[in-house]
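Please keep the sequence and the structure at hand while reading.

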Amino acid sequence: MMEFVDASLRTLAWAPPWAVSLIVLSLAAVAGLTAHTMATAVTTRVVRGRDEFWRSLVARVAKPSRLAFLIVFLGIGAGLAPLSPGQKDLLGHSLLIAFIAFLGWAALTALDIAASLYMRQFRIDEADNLIARKHLTQVRILQRACATLIVVLTLALALMTISSVRQWGVSLLAAGGAAGIIVGLALQPLLTNLIAGLQIAMTQPIRIDDAVIVEGEWGRVEEITGTYVVVKLWDWRRMVLPLSYFIQTPFQNWTRESASLIGTAMLYVDYAAPVDVLRAKLEDVAKASPLWDGQVVNLAVTDVQERVMQIRCLVSASDAGKAFDLRCEVREKMMAFLHAEHPGALPRTRLEMPLAEA
C-alpha cells in the first residue's frame, strides 16, 4: 500500500506542493466518506430484520461516525501530504478541535441512546401510566441537564486548545470584580432553572401528562425542558412557565398520586325538593354513565340559603377529563329530572299576601 502511495506521489512531482497536498487530503476525505458509507450500509443490512429501536440506533450514530471516519482518514492524509510545518500544525490543530467535537457529539448520542433504551421498558400510552410518566419526566430533565453540561465541557475543551482564547479567559478571571458580578447576574436565571429542574426530577411535583391548574387555568403538562415547562390548556392554548415556577409558586396537581378524581356538581333547589328522590336519581345517573368509575357517588344538602337549598352531588371518574364531562352530565340530567318530574322543586320566590279584613 505504501509503495502505491509513494509511486502516486512521484507522478505528481511536477505539481506544486500545495496542489499535491490538496489532492491528497481530498482523496483522503473521499476515502473516509466511502468507507463510512460502506460500513453504514453493512450495519443497516445487519439490523434490517430487528425492531425499530436498532434501526433508529444505526441512524443516530451515522452522523457522528462519519465525522470520526473523516478525522482518521484526514489524519492519515496529513502524514502523507507534503505540508509545511506551519500547515501541519494548523491541520493538526483543526483535527484536534474536530476530535473534541466528535467526543461531545458521541457523548450526546450515547446519552440519547441510553435514555431511549431505558424508556423502552415503560409505556406512556397505557391508561395507568403513573410509573411511566414518573420515569419519563426524570429521564427528560436529567437528559437535558447532562446534555447542557456536555456542550459546555466540549466548548471549554475546544477553546482551551486555542492559546489566545485561553489567555483571554485567564485575564478575564484575573480581572474579577465587576466582570464576575455581571456574569453571575446574567447566569442567575439559567442556574436557578437548572437547579429547579434537578429538584423537579428528584421530587417530581409535576410529571409529563399531569393535570394541573396554574394561573387559574386547567391543562396538562405537555413538555418539560431544561428551563421551562409547557402546559397544554383545555382549549389547546399553551402556557409556558419557567421551571422555578413549580418550585416557588403554589399550584394544583390533580394527578400527583392517581389520575382518579371526584367531581362536584352543585344544584340549587326549593326547600320542598325531595332529597331522597334526588339521591336515588343521582345513583341511577352515575351507574348509567360510562364515565363513572364505580367508586364515589353521594348527594348531600350542604347549605340552606335565604331563597334556595344548596345540594352537592359528588361523582368520581378515572381521570380529570372524564370527571369534568361527568359533572356536566350530572347537572344536565338532574335538572332535566327536576323539570320533568318535580317542577315544584325548582327555585321559587314566595310572596305572602295579607288577607283582607272583613
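A residue counts as buried when its relative accessible area is under 20%, as exposed when that area is over 50%, and as partly exposed in between. In this predicted model, the buried residues of helix H4 are Leu 91, Leu 95, Ala 98, Ile 100, Phe 102, Gly 104, Thr 109, Ile 113, Ala 115 and Met 119. Helix H4 itself runs over residues 85-119, and its 35 residues reach 51 Å from the first C-alpha to the last, close to the 51 Å expected at 1.5 Å a residue.

| Pair | Centre to centre | Angle between planes | Class |
|---|---|---|---|
| Phe 99 and Phe 102 | 6.3 Å | 35° | tilted |
| Trp 218 and Trp 254 | 6.2 Å | 55° | tilted |

Phe 99 and Phe 102 both lie in helix H4, 3 residues apart, which is about one turn of the helix; Phe 99 is partly exposed at 38% relative accessible area, whereas Phe 102 counts as buried at 18%. The tryptophan pair, by contrast, links distant parts of the chain, with Trp 218 in strand E2 and Trp 254 in the loop between strands E5 and E6, 36 residues apart. Ring pairs also link Tyr 245, Phe 246 and Phe 251 into a cluster.

Ser 316, placed in strand E8, counts as buried because its relative accessibility is 3%. The side chain of Ser 316 makes a polar contact with the side chain of Asp 293 at 2.5 Å, and also reaches the backbone nitrogen of Val 296 at 2.9 Å.

Note on methods:
Residues are numbered from 1 along each chain as its sequence is written. This is a predicted model: local features need pLDDT of at least 70, side-chain atom pairs count only at pLDDT 80 or more; totals for chains, interfaces and linings use all residues. Side-chain values use heavy atoms; hydrogens and water are left out. Helices (H or I, at least four residues) and strands (E, at least two) are DSSP runs, numbered from the N terminus. The expected span of a helix is 1.5 Å times one less than its number of residues. Buried means under 20% relative accessible area, exposed over 50%, partly exposed in between (1.4 Å probe, protein chains only). A polar contact is a pair of N or O atoms within 3.5 Å; within protein, one must be able to donate a hydrogen and the other to accept it, and residues adjacent in sequence count only if both atoms are side-chain atoms. Rings of Phe, Tyr and Trp (its six-membered ring) pair if their centres lie within 6.5 Å; planes under 30 degrees apart count as stacked, over 60 as edge-to-face and the rest as tilted.
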